[in-house]
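The following exercises are to be worked through with the sequence and the structure at hand.

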Amino acid sequence: MSETHDIGMAGPRGLAAGVLLLALTDYREKNGYTASAAAWLFSDREDGTFSFLRVCDELNLDPAMVRRAARHGSVRRLREAGFLPGFE
């Protein structure tokens, strides 16, 4: 059984949070998915249910703030401020 993280949300918000958390993790860890995570995080496209901008809107997050945090390695600060519950 795989380990799961309790992100404190259910339904569409929980799914949106999971998508964002995965992208931030991939971007931070510089793994095989880093380039696609970066492309998604820094895209201004609004089409698609799970575009970065729509995910931020669903979670009431400022996209510029999330991008700054990702760029400067301060994603943990977003979590500590309560914006990304469950992000390790």
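Angles between axes under 35 degrees count as roughly parallel, over 145 as roughly antiparallel, 65 to 115 as roughly perpendicular and the rest as oblique. The model is predicted, so local features need pLDDT of at least 70 and side-chain atom pairs count only at pLDDT 80 or more, while totals for chains, interfaces and linings use all residues. Residues are numbered from 1 along each chain as its sequence is written, and side-chain values use heavy atoms, with hydrogens and water left out.

**Exercise 1. The overall architecture**

Determine how many helices and strands the protein chain has.

Solution. Step 1: helices (H or I, at least four residues) and strands (E, at least two) are taken as DSSP runs, numbered from the N terminus. Step 2: the protein chain has five helices and zero strands, and the order of its elements from the N terminus is α-α-α-α-α. Step 3: of the 88 residues, 36% are buried, where buried means under 20% relative accessible area, exposed over 50% and partly exposed in between (1.4 Å probe, protein chains only). Step 4: contact means heavy atoms within 4.5 Å. Among contacts between residues at least 6 apart in sequence, 44% join residues at least 24 apart.

**Exercise 2. The packing of α1 and α2**

State how α1 and α2 are oriented to each other, and identify the residues in their contact.

Solution. Step 1: axes are lines fitted to C-alpha atoms, for helices over the stretch in contact, and angles run from 0 to 180 degrees between N-to-C directions. Step 2: the angle between α1 and α2 is about 125 degrees, and their axes lie 8 Å apart. Step 3: α1 and α2 are therefore oblique to each other. Step 4: from α1, the contact draws on Val-19, Leu-20, Ala-23, Leu-24, Asp-26, Tyr-27 and Glu-29, and from α2 on Thr-34, Ala-37, Ala-38, Trp-40 and Leu-41. Step 5: Ala, Val, Leu, Ile, Met, Phe, Trp, Tyr, Cys and Pro count as nonpolar, Asp, Glu, Lys and Arg as charged, and the others, Gly among them, as polar. On this basis the contact of α1 with α2 has nine nonpolar, one polar and two charged residues.

**Exercise 3. The buried side of α2**

Identify the buried residues of α2 and the helices against which they pack.

Solution. Step 1: Thr-34, Ala-37, Trp-40 and Leu-41 are buried in α2. Step 2: these residues are on the same side of α2, because they cover an arc of only 130 degrees around the axis; the arc is that of the directions from the helix axis to the C-beta atoms. Step 3: the buried residues of α2 pack against α1, α3 and α4. Ala-37 and Ala-23 are 14 residues apart in sequence and 5.0 Å apart in space, C-alpha to C-alpha. With neighbours within four places in sequence left aside, Ala-37 is in contact with Ala-23, Asp-26 and Tyr-27.

**Exercise 4. The packing of α1 and α4**

Describe the orientation of α1 and α4 and the composition of their contact.

Solution. Step 1: helix α1 (residues 11-29) and α4 pack at an angle of about 30 degrees, with axes 10 Å apart. Step 2: α1 and α4 are therefore roughly parallel to each other. Step 3: Leu-20, Leu-24 and Tyr-27 of α1 meet Val-66, Ala-70 and Arg-71 of α4. Step 4: by class, this contact of α1 with α4 has five nonpolar, no polar and one charged residues. Step 5: within α4 (residues 63-71), the buried residues are Val-66, Arg-67, Ala-69 and Ala-70. They lie on the same side of α4, because their arc around the axis is only 160 degrees.
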